[in-house]
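Good morning, and thank you for making time for this item. I would ask you to look at the sequence and the structure together while I speak.

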Amino acid sequence: MKKVFHLFDLSQKINYKTEILAGLTVAMTMIPESLSFAILAGFPPLVGLYGAFIMGLITAIFGGRPGLISGGAGATVIVLIALMKSHGIEFAFGAIALAGVIQILVGLFKLGKFIRLVPQPVMFGFVNGLAIIIFMSQLEQFKTIINGQSEWLTGTPFLIMAGLVALTIAIVVLLPKITKAIPASLVAIMIVFAVVLIFNIETKQVEDIAAVSGNLPPFHIPNFPFTIENFKIILPYGLIMAAVGLTEGLLTLNLVDEITGTKGNSNRECLAQGSANILNGFFFGMGGCPMIAQTLVNLSAGSRARLSGIVAALTILLIILIGAPVIGKLPMAALTGVMIMVAMGTFEWASLRIFKRMPMSDIFVMLVVMLITVFLHNLALAVLIGVIISALVFAWDNAKRIRARKYLDENGVKHYEIFGPLFFGSVTAFAEKFEVSTDPSEVIIDFRESRVVDMSAIEALNAITNRYHKEGKKVHLRHLSQDCINLLKNAEAIIDVNIMEDPLYMIVEKG
């Protein structure tokens, strides 16, 4: 029980004041974002808040680590825009629930650990791309709707918005130098709110985006015929949403691990995300995943436990039920200033400092991932392409590392001592090492410092032994590891390699 409900683990030291204040701050920054993305995707505004509440509460209690904040994230909701336009909201809820099922399967089969395969340059590109997206999205608050068209603010409205944003940023920057007892973001929101009320300043407020009052999330089974044809419609969206959510979520979990110096549980996070999205599909939530911006707000406010996430989720519910008149009056400038500072904190400035010392391949991977994230908003695609490029670069580098030391012993036997892995990328260079026509009648290929990795390597061995056989020469394979021997034996059905055991080495004979 303690392992699940860390909140009630009395052996864990929790600063309740810090956790509660951090949760309130997170709620304040999550509400306008959830509303904005819900409206962008074509959902009713309340669907965004329901998603933030359900996602936040379930993952805060059951998620992979304390401090991680989940909600109605734009990265996953953007996936559903096309489905909303083509088939409507009921199909969207079906896709959200299906995404949850897929995420649970990933957790049950313990596939979350494969996030470790994401290289650091991909992490840099992912985080920097998200930071740019967060910053760029805040610029939308400097626009207004005139005659149905979105236009930039000008004159006094622009100066007021810019001034309030600047005041918010100044408080967030300067207050921690005076005291860290209260989260600077929350103080900034409260001060700017008070300034707007006291001086009766006319500026954009949360209620200008959408109404936020309502009731508890109602239970609702997605209303569309569950047929094979309809399943084929929602399946691609469910898969993409699940992939984007898990990618952003597990990378965010890794980021929190680095910041806090602790270890999260990626498979448990997959289970929590999946459970929350299934509930979203049946309780009018727009779905979501861990949110890197709100998570960083939470951590910067000092939170290290699950309480802040629970407080944030319950605050959103209270705002839906009773607090709409107050929260609706919050100036968007204050929230915009906080999110700009979050973007600044999210960006990995260290990646710029070591830019000149990074290999060109790493720089290329980082930039590709960042650009795909910024321009396509497809986090799963960005990370996948980054991992593929990194893997190809790794394969190319290792292919160049294979080499052979050659010598004749006192018995006239030619020795080839192989260094480096033998795999698909290095087989060509491997084959070029041998001087078949001029070698003596007996040759030893020593793999003490090498490994036979894949089927391409086995085929390369088969090819080289065939070349020697045609010349009437005998080849011995020496110091193969046990897994290499097993690999060769398993390939006997399709590749003509015969292994004879010898006290000193393994022998391959032809003919």
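Let me begin with a definition: a salt bridge is a side-chain nitrogen of Lys or Arg within 4 Å of a carboxyl oxygen of Asp or Glu. By that criterion, a search of the whole structure finds eight salt bridges. Please keep in mind that this is a predicted model, in which local features need pLDDT of at least 70, side-chain atom pairs count only at pLDDT 80 or more, and totals for chains, interfaces and linings use all residues. Residues are numbered from 1 along each chain as its sequence is written, and side-chain values use heavy atoms, with hydrogens and water left out.

First, the chain as a whole. The protein chain has 19 helices and 10 strands; helices (H or I, at least four residues) and strands (E, at least two) are DSSP runs, numbered from the N terminus. Its C-alpha trace spans about 100 × 55 × 55 Å along the principal axes. Of its 511 residues, 54% count as buried. Here buried means under 20% relative accessible area, exposed means over 50%, and partly exposed lies in between, with a 1.4 Å probe and protein chains only. Contact means heavy atoms within 4.5 Å. Among contacts in the protein chain with a separation of 6 or more, 81% come from residues 24 or more positions apart.

I return now to the salt bridges. Arg-405 pairs with Glu-417 in a salt bridge whose closest N and O atoms are 2.6 Å apart. This pair links distant parts of the chain, with Arg-405 in strand E5 (residues 403–408) and Glu-417 in strand E6 (residues 414–419), 12 residues apart. Are the two partners buried or exposed? Arg-405 is partly exposed, at 45% relative accessible area, whereas Glu-417 is buried, at 16%.

Glu-435 lies in the loop between helix H17 (427–431) and strand E7 (442–449), so the pair ties together parts that are 21 residues apart in sequence. Lys-414 is buried at 8% relative accessibility, and Glu-435 is partly exposed at 36%. Which residues are linked with these two in a network of salt bridges? The network consists of Lys-406, Lys-414, Glu-435 and Asp-439.

One further salt bridge joins Glu-140 to Lys-143, with the closest N and O atoms 3.5 Å apart. Glu-140 is partly exposed, with a relative accessible area of 42%, while Lys-143 is buried, at 19%.

I turn next to helix packing. Axes are lines fitted to C-alpha atoms, for helices over the stretch in contact, and angles run from 0 to 180 degrees between N-to-C directions. Helix H6 (residues 120–139) packs with helix H13 (residues 332–346) at an angle of about 160°, their axes being 8 Å apart. H6 is therefore roughly antiparallel to H13; angles under 35 degrees count as roughly parallel, over 145 as roughly antiparallel, 65 to 115 as roughly perpendicular and the rest as oblique. On the H6 side, the residues are Val-127, Ala-131, Ile-134, Phe-135 and Gln-138, and they meet Leu-335, Thr-336, Met-339, Ile-340, Ala-343 and Thr-346 in H13. By class, this contact of H6 with H13 has eight nonpolar, three polar and no charged residues. In that scheme, Ala, Val, Leu, Ile, Met, Phe, Trp, Tyr, Cys and Pro count as nonpolar, Asp, Glu, Lys and Arg as charged, and the others, Gly among them, as polar.

Among the contact residues are Glu-248 and Leu-255 of H9 and Ile-292 and Leu-299 of H11. The residues of this contact divide into six nonpolar, three polar and one charged.

Finally, two points on the backbone. Most residues other than glycine have a negative phi. Lys-110, however, has a positive phi near 55°; this residue is in the loop between helix H5 (89–108) and H6, and is exposed at 51% relative accessible area. Phe-284 also has a positive phi, near 60°. Phe-284 sits in the loop between helix H10 (266–282) and strand E4 (289–290) and is partly exposed, at 25% relative accessibility.
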